[in-house]
Amino acid sequence: MSDTAPTEPSQPPAEQQRKPRRSFQPGLWTRLVPLGVVSVYLILFIAFNTRMAKVDFVFSSTRVSTIFVILLPLGIGIVLGVLLSQLYRHGKRRR
């Protein structure tokens with residue numbers, strides 16, 4: 001039998017290897033702050049555009065809130081832009 005003492009493990013236990021938890025999370029705040037600013041802006045945008053506006057169509061006219069006069073063409077433009085880009089990409093692939 002040998003009189004040598006058992007060797008200690010070269011690495012500390014797993015509990016000592018863990019880094020202390022950080023309470024400040026910069027990644028979280030860099031996402032939350034712009035999201036909060038945009039949310040407040042949208043709420044104010046909607047609140048300030050609640051007056052009614054007259055919209056004339058070819059054969060009729062109606063009165064709607066100004067926010068819809070702004071957002072409806074925006075939505076139609078986004079949808080048409082996406083569809084046209086898909087058609088362009090699909091047509092380019094066939095050639």
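Let's start with Lys54 and Asp56, whose side chains meet in a salt bridge, 4.0 Å from N to O. By salt bridge I mean a side-chain nitrogen of Lys or Arg within 4 Å of a carboxyl oxygen of Asp or Glu. A search of the whole structure finds one such bridge. Are its two partners buried or exposed? Lys54 counts as exposed at 54% relative accessibility, and Asp56 is exposed too, with a relative accessible area of 56%. The cut-offs here are under 20% relative accessible area for buried, over 50% for exposed, and partly exposed in between, with a 1.4 Å probe and protein chains only.

A quick word on what you're looking at. This is a predicted model, where local features need pLDDT of at least 70 and side-chain atom pairs count only at pLDDT 80 or more, while totals for chains, interfaces and linings use all residues. Residues are numbered from 1 along each chain as its sequence is written, and side-chain values use heavy atoms, leaving out hydrogens and water.

Now the overall layout. The chain has three helices and two strands, and along the sequence they follow the pattern α-α-β-β-α. These elements are DSSP runs numbered from the N terminus: helices are H or I with at least four residues, strands are E with at least two. Of the 95 residues in the chain, 4% are buried. The chain exposes about 9,600 Å², and carbon and sulfur atoms supply 65% of that; the areas come from the Shrake-Rupley method with a 1.4 Å probe, and for residues, only the protein chains shown count as cover.

On to the strands. Strand E1, residues 52-56, and strand E2, residues 61-65, run antiparallel and are joined by five bridges. For two strands to pair, DSSP has to find at least two bridges between them. A hairpin of four residues takes you from E1 to E2.

Ser65 counts as buried, at 13% relative accessibility. What does Ser65 touch, not counting residues up to four places away in sequence? The list is Asn49, Thr50, Arg51 and Met52, where contact means heavy atoms within 4.5 Å. With Asn49 there is also a polar contact: a polar atom of the Ser65 side chain lies 3.2 Å from the backbone oxygen of Asn49. A polar contact is a pair of N or O atoms within 3.5 Å; within protein, one must be able to donate a hydrogen and the other to accept it, and residues adjacent in sequence count only if both atoms are side-chain atoms.

The Thr66 side chain reaches the backbone oxygen of Arg51 at 2.7 Å. Leaving out residues up to four places away in sequence, Thr66 touches Asn49, Arg51, Met52 and Ala53.

Met52 came up in both lists, so let's look from its side. Met52 lies in strand E1 and is partly exposed, with a relative accessible area of 48%. Beyond its neighbours within four places in sequence, Met52 is in contact with Arg63, Val64, Ser65 and Thr66. Met52 and Phe68 are 16 residues apart in sequence and 9.6 Å apart in space, C-alpha to C-alpha.

Last stop, the aromatics. The structure holds one aromatic pair. Tyr41 and Phe45 form that pair, which is stacked, with 6.2 Å centre to centre and 20 degrees between the planes. Rings of Phe, Tyr and Trp (its six-membered ring) pair if their centres lie within 6.5 Å; planes under 30 degrees apart count as stacked, over 60 as edge-to-face and the rest as tilted. Tyr41 and Phe45 both sit in helix H2, residues 26-48, four residues apart, or about one turn of the helix. Tyr41 is exposed at 55%, whereas Phe45 is partly exposed at 24%.
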